[in-house]
Amino acid sequence: MRKPKIVIIGAGYGGLMTTVRLQKLIGINEADIVLINKNDYHYETTWLHEASAGTLHHDKVRYDIRDVIDRSKVDFVQDTVVEINKEEKIVILEKGEVNYDYLVIALGGESETFGIKGLKEYAFGITNVNSARQLREHIEYQFATYNMEEEKNDNRLSIVVGGAGFTGIEFLGELANRIPELCHEYDVDFHKVKITCVEAAPTVLPGFDPELVNYAVSLLERKGVEFLIGTAIKEATPEGIFVAKGEDEPREIKAGTVVWAAGVRGNSIIEKSGFEAMRGRVKVQPDLRVPGFDDVFIIGDSSLVINEEINRPYPPTAQIAMQQGELVARNIAALVRNKTELEAFKFDNKGTVCSLGDDDAIGVVFGKKITGSKAAFMKKVVDNRSLFMIGGAGLVLKKGKFKVF
Ligand code: FAD
Ligand code: NAD
């Protein structure tokens, strides 16, 4: 009898978790497993703010996919997915195509610019290793160029961050620690540097614990960050951005660096392939399959799972993507063994920790609020845990974070 072929696209948190669990659950004679990813490495998306600010080298945030998969069981293909033909059960790649019996879509998310003029052209994102390297280099270039010019252009030292969600705040935390180092390295007066965070909502970290939000804001303000709350970015230009509070006339903020950290959407491959989606995210069934397509699972940032308690989607996180990966592995193993009863996904929320640089953080863990070095330590525990779950103790020793305060 022909073995079924399981194809996993995307080797981020969701896809890699599915793969390492499946390779343990499924025997070599039961099914073929194929993992497809555009790079030969996995990157820790949750560490990209560090690589983007230059506080952690980008090679520290990535590792070789072949080091964590069982190559006797998993065929790894380095290629880029172009489209999914779900009717013919084919994944179309840049360099070929692959057919499947079961497909796991784990392609992650993309930056959501809400159609705001100029953002795609002039703002930097924090989305992958390439964008992180580019942003770090750009900020450094602005500092390096500042003293080269006879007529000093202070706008080179003005950095705007759009969005005070978790990504924006974590990036600001790293940036605030990096700026004094850059000033020292490039002989720039610290007082010339301007960091502005623009947030459309009435508060930083909307929906998060107000006491912890205050802690984060005052720490970042002390380090030189200025917050413009209830203010939206309306346009980005080569010279900076235009912002407006409510119905006010937009005003310009000159900046040599604009970072857009104000939202994510599902991967554009989802809509391109004709899946019914909301901002690129497919509302999946409880067993994480796509309604109407019993052989297709979607997990991670391209999936949408409703939190029944509040009747709103869970925010897309690595935590949920990894838990989904574990469940999909079990459900696919059941299908391969001709079982029809699949498990329903239930999110086990372990909490949230938001770093404020390497040495400080805020968080709610198992319902308890934490701040300062305790929270910073907890953040490293969380980071190391995800390495452990994918690559075991060996990967933690190779890539883990061990600095204690
Ligand atoms: P990803 O982990 O993003 O992986 C997607 C994979 O698909 C990548 O390997 C990519 O290269 C590949 N891919 C994409 N397109 C293609 C294609 N066309 N062809 C082939 N391969 C492709 N969440 C938390 O829970 N805790 C945190 O502390 C946290 N911190 C964060 C910090 C930052 C700076 C950011 C940006 C996000 C953070 N998140 C955090 C959110 C979290 O990173 C995402 O929710 C998570 O990465 C989603 O996992 P995923 O498997 O869906 O996608
Ligand atoms: P987000 O959607 O959570 O936050 C984006 C912020 O940008 C919001 O506060 C929004 O009000 C603001 N915004 C939107 N449009 C704007 C505009 N025009 N001008 C100014 N501000 C605007 O996005 P994110 O922070 O990138 O987070 C994405 C996901 O990743 C979330 O689910 C988040 O929980 C997760 N994440 C988690 C962590 C962590 O747990 N430590 C860290 C980073 C990201």
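This is a predicted model: local features need pLDDT of at least 70, side-chain atom pairs count only at pLDDT 80 or more; totals for chains, interfaces and linings use all residues.
How many aromatic pairs does the structure hold? It holds four.

Start with Tyr41 and Tyr43. Their rings form a tilted aromatic pair. Tyr41 is buried, at a relative accessible area of 12%. Tyr43 is partly exposed, at 22%. Arg62 lies over its face, at 4.6 Å from the ring centre. A charge over a ring also turns up elsewhere: Lys86 lies over the face of Phe275, at 5.2 Å from the ring centre.

Now turn to Tyr314 and Phe347. Here the aromatic pair is edge-to-face. The distance is 5.0 Å centre to centre, with 70° between the planes. Where do the two residues lie? Tyr314 is in the loop between β24 (312-313) and α8 (318-336), while Phe347 is in the loop between α8 and β25 (351-355). The two positions are 33 residues apart in sequence, so the pair ties together separate parts of the chain. Tyr314 counts as buried, at 17% relative accessibility. Phe347 is buried too, with a relative accessible area of 14%.

The structure holds two cavities of 30 Å³ or more. Tyr314 is one of the residues that line the second largest cavity. That cavity holds about 30 Å³ of space. Its lining also includes Arg281, Gly300, Leu304, Val305 and Pro316. β22 (303-304) and α8 each supply at least two lining residues. By class, the lining of the second largest cavity has five nonpolar, three polar and one charged residues.

The largest cavity has another make-up. Its volume is about 100 Å³. Its lining has one nonpolar, three polar and seven charged residues. Among the lining residues are His49, Glu50, Glu174, Asp358, Lys379, Lys380, Asp383 and Lys401. Which element gives the most to this lining? α9 does, with four residues. α2 (48-53) and α9 each supply at least two.

Next comes an open space, the second largest pocket. About 220 Å³ lies within it. It is lined by 15 residues, and those closest to its centre are Glu50, Thr55, Leu56, Asp358 and Lys403. Two elements give two or more residues to the pocket lining: α5 (166-186) and α9 (372-399). α5 provides the largest share, three residues. By class, the pocket lining has three nonpolar, three polar and nine charged residues.

Leu205 has a phi near 45°, a positive value in a residue other than glycine. Leu205 sits in the loop between β12 and α6. Is Leu205 buried or exposed? It is buried, with a relative accessible area of 2%. Asn311 also has a positive phi, near 55°. Asn311 is found in the loop between β23 (306-307) and β24. At 58% relative accessibility, Asn311 counts as exposed.

The loop between β12 (194-199) and α6 (210-222) also holds Ala200. Ala200 is exposed, with a relative accessible area of 53%. Its C-alpha atom is separated by 8.9 Å from that of Gly246. Along the chain, Ala200 and Gly246 are 46 residues apart.

An unreviewed UniProt entry carries the annotation "domain: FAD/NAD(P)-binding" for residues 5-325. The span is 27% helix and 31% strand. Its end C-alpha atoms lie 17 Å apart.

Definitions and conventions
Residues are numbered from 1 along each chain as its sequence is written. Chains are lettered from A and ligands numbered from 1 in the order in which they are written. Side-chain values use heavy atoms; hydrogens and water are left out. Rings of Phe, Tyr and Trp (its six-membered ring) pair if their centres lie within 6.5 Å; planes under 30 degrees apart count as stacked, over 60 as edge-to-face and the rest as tilted. Buried means under 20% relative accessible area, exposed over 50%, partly exposed in between (1.4 Å probe, protein chains only). A charge sits over a ring if NZ of Lys or CZ of Arg is within 6 Å of the ring centre and within 35 degrees of the ring normal. On a 1 Å grid over the protein atoms alone, a cavity is a set of points where a 1.4 Å probe fits but cannot get out, and a pocket is an open set with protein on both sides within 12 Å along at least five of seven lines; lining residues have an atom within 4 Å of a point. Grid points are joined across faces, edges and corners, and a volume is the space filled by probe spheres set on the points. Ala, Val, Leu, Ile, Met, Phe, Trp, Tyr, Cys and Pro count as nonpolar, Asp, Glu, Lys and Arg as charged, and the others, Gly among them, as polar. UniProt positions are given in the numbering used here, feature names are shortened, and annotations may be inferred rather than shown by experiment.
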